[in-house]
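Visitor: I have a structure open here and would like to talk through a few parts of it. Could you take me along the strands and then on to some side chains?

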Amino acid sequence: MGTSAMIGILEDDGTVTASYCHYDGYAEGVGRMLRTSYDTMYDAQIVARGGYLSSLDADYYVSRTNSVHADNAVKYSSVMDYLTVGGNHGAEYLYLYDSFDGWLISGCYDKSATFEQVDVYL
C-alpha cells in the first residue's frame, strides 16, 4: 500500500493544477524529492501538469516511463478548492508550488489544515 500525494502548482490565474503520485507521498519521500530535484517553477510545472505518477524519481522521464497509469492532471478552481477536495483523489498529502514560497505541504487528514513549508518536515 502506498502513501499517496497530489503535486500541484499555483497557476497565474489562481487555479491549481495537480497530478497524483501513488508512492512515498510523505515529506521525507516526495517532499524531499520535490525540494532537491524540482525546486524551480519550470520543473514544478512539469511535475504538476504531467499527470499520474506511480512514484517520483529525480529524473522526471524515468518517473513517467515507470508509471502504470496515464491519468491527466486535475484542475482546481483555487487553492482553497485544492485544500478542500484534493484528498478526494485518494491523496494523503497535498503539495503546492508557489512562486513566492516554493514547495508547501498539507496533510489531508485535518479538513482545517493549511499549507506549510516542506522544509519544516525535512
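Visitor: How do β2 and β3 pair, and over how many bridges?
Guide: In this predicted model, β2 and strand β3 (residues 74-76) pair in the antiparallel sense over three bridges, where strands are DSSP runs of E with at least two residues, helices are runs of H or I with at least four, both numbered from the N terminus, and two strands pair if DSSP finds at least two bridges between them. The bridge partner of Thr17 in β3 is Lys75.

Visitor: Before we go on, what are the ground rules for the numbers?
Guide: Residues are numbered from 1 along each chain as its sequence is written, and side-chain values use heavy atoms, with hydrogens and water left out. Since the model is predicted, local features need pLDDT of at least 70 and side-chain atom pairs count only at pLDDT 80 or more, while totals for chains, interfaces and linings use all residues.

Visitor: And what about β1, which way does it run against β2?
Guide: β1 and β2 run antiparallel and are joined by six bridges, one of which involves Ala5, whose partner in β2 is Cys21. The two strands form a hairpin with five residues between them, and Gly14 in the turn has a positive phi of about 90°.

Visitor: Is β2 enclosed or open?
Guide: β2 is largely enclosed by the rest of the structure, because six of its six residues are buried, buried meaning under 20% relative accessible area, exposed over 50% and partly exposed in between (1.4 Å probe, protein chains only). Both of its faces are covered, with Val16, Ala18 and Tyr20 buried on one side and Thr17, Ser19 and Cys21 buried on the other.

Visitor: Where does Thr15 sit?
Guide: Thr15 lies in the loop between β1 (5-10) and β2 (16-21), and at 13% relative accessibility Thr15 counts as buried. Leaving aside residues up to four places away in sequence, Thr15 touches Ile9, Leu10, Lys75, Tyr76, Ser77 and Ser78, a contact being heavy atoms within 4.5 Å.

Visitor: Which side chain does Thr15 make a polar contact with?
Guide: The side chain of Thr15 makes a polar contact with that of Lys75, at 3.3 Å. The term covers a pair of N or O atoms within 3.5 Å; within protein, one must be able to donate a hydrogen and the other to accept it, and residues adjacent in sequence count only if both atoms are side-chain atoms.

Visitor: Changing topic, how many disulfides are there?
Guide: The count comes to zero disulfides, taking a disulfide as a pair of cysteine sulfur atoms within 2.5 Å. Cys21 is in none, and the nearest cysteine sulfur, that of Cys108, is 13 Å away, which is too far for a bond. Cys21 is buried with a relative accessible area of 0%, and Cys108 is buried as well, at 14%.

Visitor: How many aromatic pairs turn up?
Guide: A search of the whole structure finds four, where rings of Phe, Tyr and Trp (its six-membered ring) pair if their centres lie within 6.5 Å, and planes under 30 degrees apart count as stacked, over 60 as edge-to-face and the rest as tilted. Among them, Tyr76 and Tyr82 form a tilted pair, because their ring centres are 5.0 Å apart and their planes stand at 50°.

Visitor: Which cluster do those two tyrosines, Tyr76 and Tyr82, belong to?
Guide: Tyr76, Tyr82 and Phe115 form one aromatic cluster. Tyr76 is buried, with a relative accessible area of 3%, and Tyr82 is buried at 0%.
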